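Open the model in your viewer and keep the selection tool ready. We will go stop by stop.

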Amino acid sequence: MKRTLTCIALALLTATPLHAELNASKLGELMRQEQRNLNSAAEDHLKRMVKAPAIASTSIKYDADWLSSQPAASGGKEWQCLAEALYFEARGETVKGQFAVAEVIMNRVDSARYPDSVCGVIHQGTGRKYACQFTFTCDGIPETISEPAAYRRVGKVAKLMLSGAPRNLTDGATHYHTTAVSPRWARVFPKTAKIGVHVFYRQPVRVSQN
């Protein structure tokens, strides 16, 4: 739109003097129309056009005292999905381990191989017992939050990750498992980190069939 207005303006400025007054009037009307269009744009559309700045890596400290000092968190559906996933998948982990699990979920959201929303990633495959991506969504056990303090902590982690916290713990990991299991894919996926009881992996571009 700006390029179009610029071209129109240049054309009008180079017009013959005979039509200069008329062209100036047309330019003014175009500018006023553009301003009216901007003013009438939906607020949520304008918000989507402006991306919030990422949180600096130096502002994150992966320890319980720092996390406790952060304000209470809440949010919409995406926040709720991420907070619940962290609660059921990693509430017993250290703060660093919880951020690491959150990184995997956010990395999947950014990957073309997975759904493009937090809730979509977490609930992918849900409905078939033990065929889902995150066990807590299909293990047949009711998803009951019985530790409110733990939920408040992971809720803060979820809020920070959705607000653009850096993902520098797992080197782009898209998978993880606990040290209690050894899935087949772990033999072919590059290992990127081990934090607490979780081991992290990055899905390769092409997986060998051998």
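The tour visits aromatic rings and then disulfides.

This is a predicted model: local features need pLDDT of at least 70, side-chain atom pairs count only at pLDDT 80 or more, and totals for chains, interfaces and linings use all residues. Residues are numbered from 1 along each chain as its sequence is written, and side-chain values use heavy atoms, with hydrogens and water left out.

**Aromatic rings**

Rings of Phe, Tyr and Trp (its six-membered ring) pair if their centres lie within 6.5 Å; planes under 30 degrees apart are stacked, over 60 edge-to-face, the rest tilted. The whole structure holds nine aromatic pairs. Select Tyr-87 and Phe-88: the planes stand at 90° and the centres 4.9 Å apart, so this pair is edge-to-face. Buried means under 20% relative accessible area, exposed over 50%, partly exposed in between (1.4 Å probe, protein chains only). Tyr-87 is buried at 1%; Phe-88 is partly exposed at 21%.

Next, select Tyr-176 and Phe-200. This aromatic pair is tilted, with 50° between the planes and 5.9 Å centre to centre. Both Tyr-176 and Phe-200 are buried.

**Disulfides**

A disulfide is a pair of cysteine sulfur atoms within 2.5 Å. By this rule there are two. Select Cys-81 and Cys-119: their sulfur atoms are 2.1 Å apart. The link is right-handed, with 100° about the S-S bond. Both Cys-81 and Cys-119 are buried.

Last, select Cys-132 and Cys-138, with sulfur atoms 1.8 Å apart. Their link is left-handed, at -65° about the S-S bond.
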